[in-house]
Amino acid sequence: MSTQIPPRALPQLDLDNKAFWTGGQNGELLIHKCGDCGYYVHPPVNFCPECDGRDVEPQPVSGRGTVETFTVVHKQWVPELRVPYVLALVTIEEQDDVRLATNIVNCEAEDVRFGMPVRVLFERHEDVWTPLFEPDSAG
Amino acid sequence: MNTQYPEKNCAITGIGQSEVSRGATKSALELTVDAALEAIADAGLTRADIDGLATWPGSMDVNTGFSPVGAPGLQDALRLKLGWYCGGMEMPGQYGAIFEAIGAINSGLCRNVLIFRTVYEATARKASFANSLLHEGKRAQGPLAWFAPYYNYAAAMQQALYFNRYVHESGITTEQIAQISINQRRNAALNPKAIYRTPITLDDYLAAPIIATPLRLFDCDVPCDGSTAIIVSRMDVARDLPNPPVRIEAIGTNMHYRNNWSQLDALATQAQPAVAEMMWSRTDLKPKDVRIALLYDGFSFHTINWLENFGFCERFEAGAFIEGGKRIALEGELPVNTSGGSMSAGRLHAYGAVHEACTQMWGRAGERQVAGVPDVIATSTAGGPLAGAMLLVKD
Ligand SMILES: [Zn+2]
């Protein structure tokens, strides 16, 4: 779990994003998927831009991905913030145009690399299960 | 060819700029009035001649100083009688207000449009940590809500994600990157209105704190208080006014990529390539014809990205292009951000660049005047998933 002290800002949940932000309750990373062609639609909406399908529903993915890009944050924006830490975009292994903003945790910031295999873990705050990613040594 | 494009029927005819500072003695509205009156007078017009008004992003009810003055506030202060006005944010970057004005002029709604951008960020930041992305006690909404839980405190961080990817793909070196900041501070030293005018060295650049890799302090623009105004006139009107018209030769406004801060198609190049391609498709001019490049510099990497995306150098060769800084210096083959830009003169948010373009074309740039007649200037706004571009030509 993250040891950073400031509370995480939380998203307003709505009909489209609720599955993504609460799937962690069951240990699942839920991404909307087209029932007709299998395309993952993210950010979630009930329309598939690949096949015009409307049968698009949240489905669990493996939770594995790779670090598409990242930044090591050194500036202490607020006094309690523990630096350095890593903000990243992680591409899910199922589809290379689904990228999730996240923090890479459970490793030294300096050890994060482009293309590094990572896996999801969740951190609960109120009604939000925040997906975070950590190095996936098995990947 | 291409004479049908409506932007060619529009020209900048006057410019104005308030005092620019790290803490204004005047209100944001008064700064805006100062800039507007100067621009109107510079164009040889009076308030009664202004029949259009446009601004980006319009007045915002946040305490960041990002945009404290909108079109209604200035319209009322100056008692303008307008045929058309607009202020809004969902446009191709900061120049969206200019692009809208082009449409309005060519639709016959107005002839002389006052366009302005006012910032009050220096004063706002003295009052509180100005975070335009997060609001205390409120849940995050909108496109950036996907970043909200991840300690994303500033635009610098999202943008650093793209810049780090650019460094990874291009192999640009820290010493090369530094040339953008060093060059602009050198130019700012010759701009009496610039905020930071003491030149910096490579050692200064390297010694400054890292904000978020690869961004260092001197890669970031400088929040300031100030207002810039320009007058865009219909071409036939412009030709009767005192300044040689600065014609809008071509614009780039498209949104072909995914406009999304995490899903944008090409992280390393962002939204700029298709926008630049559109601009070049609307003119016979080529990158080699450009005398000065006034490129968006919210961060130094934006400028680096635009050098490539405008075609001044090949993909991922901007590092070599700016190496040593000679090529982009005032006396170089392509002077870049001649006023000192947002990183040294102050974050006037792309409108400082338009003001500088006219200043250079009208020979008013004093010690930083580029030699010869800088008659073609390329300028650009924004980064990430949005971008806008404009080619200006002295008529
Ligand atoms: Zn589909």
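Predicted model: local features only at pLDDT ≥ 70, side-chain atom pairs only at ≥ 80, totals over all residues.

**Entry 1: the largest cavity.** I checked which element lines the largest cavity most, and β5(A) has the largest share, with three residues. The volume of the largest cavity comes out at about 60 Å³. I asked how many cavities of 30 Å³ or more the rule counts. The count is one.

From chain A I get A:Phe20, A:Trp21, A:His42, A:Arg99, A:Leu100 and A:Ala101. From chain B I get B:Trp146, B:Tyr150, B:Ser262 and B:Gln263. By class I have six nonpolar, three polar and one charged residue around the largest cavity.

**Entry 2: the A/B interface.** Residues of both chains line that cavity, and I wanted the contact numbers next. I find 33 residues of chain B in contact with 43 residues of chain A. The two chains bury about 3400 Å² between them, and 61% of that is on carbon and sulfur atoms.

How many salt bridges does the rule find across the interface of chain B and chain A? I get two. I noted down A:Asp127 with B:Arg139, where the closest N and O atoms are 2.8 Å apart.

On the chain B side, α5 (155-170) and β5 (210-212) each supply at least two residues that touch chain A. Helix α5(B) gives the most, with seven residues. I sorted this side of chain B by class and got 20 nonpolar, nine polar and four charged residues.

**Entry 3: the second largest pocket.** I moved on to the second largest pocket, which holds about 440 Å³ of space. It has 36 lining residues, and I wrote down those closest to its centre: B:Gln17, B:Ser339, B:His355, B:Glu356 and B:Arg368.

Which elements give two or more residues to this lining? I find β1 (10-17), α12 (341-344) and α13 (351-361), each of chain B. The most comes from α13(B), with six residues. My class tally for the pocket lining is 15 nonpolar, 14 polar and seven charged residues.

Notes
Residues numbered from 1 in each chain as written. Chains lettered and ligands numbered in written order. Heavy atoms only, no water. Contact = heavy atoms within 4.5 Å. Buried area = accessible area lost by both parts, 1.4 Å probe. Salt bridge = Lys/Arg side-chain N within 4 Å of Asp/Glu carboxyl O. Helix = DSSP H or I, 4+ residues; strand = E, 2+ residues; numbered from the N terminus. Nonpolar A, V, L, I, M, F, W, Y, C, P; charged D, E, K, R; others polar. 1 Å grid on protein atoms, 1.4 Å probe; cavity = no way out; pocket = protein on both sides within 12 Å on 5 of 7 lines; lining within 4 Å. Points joined across faces, edges and corners; volume = space filled by probe spheres on them.
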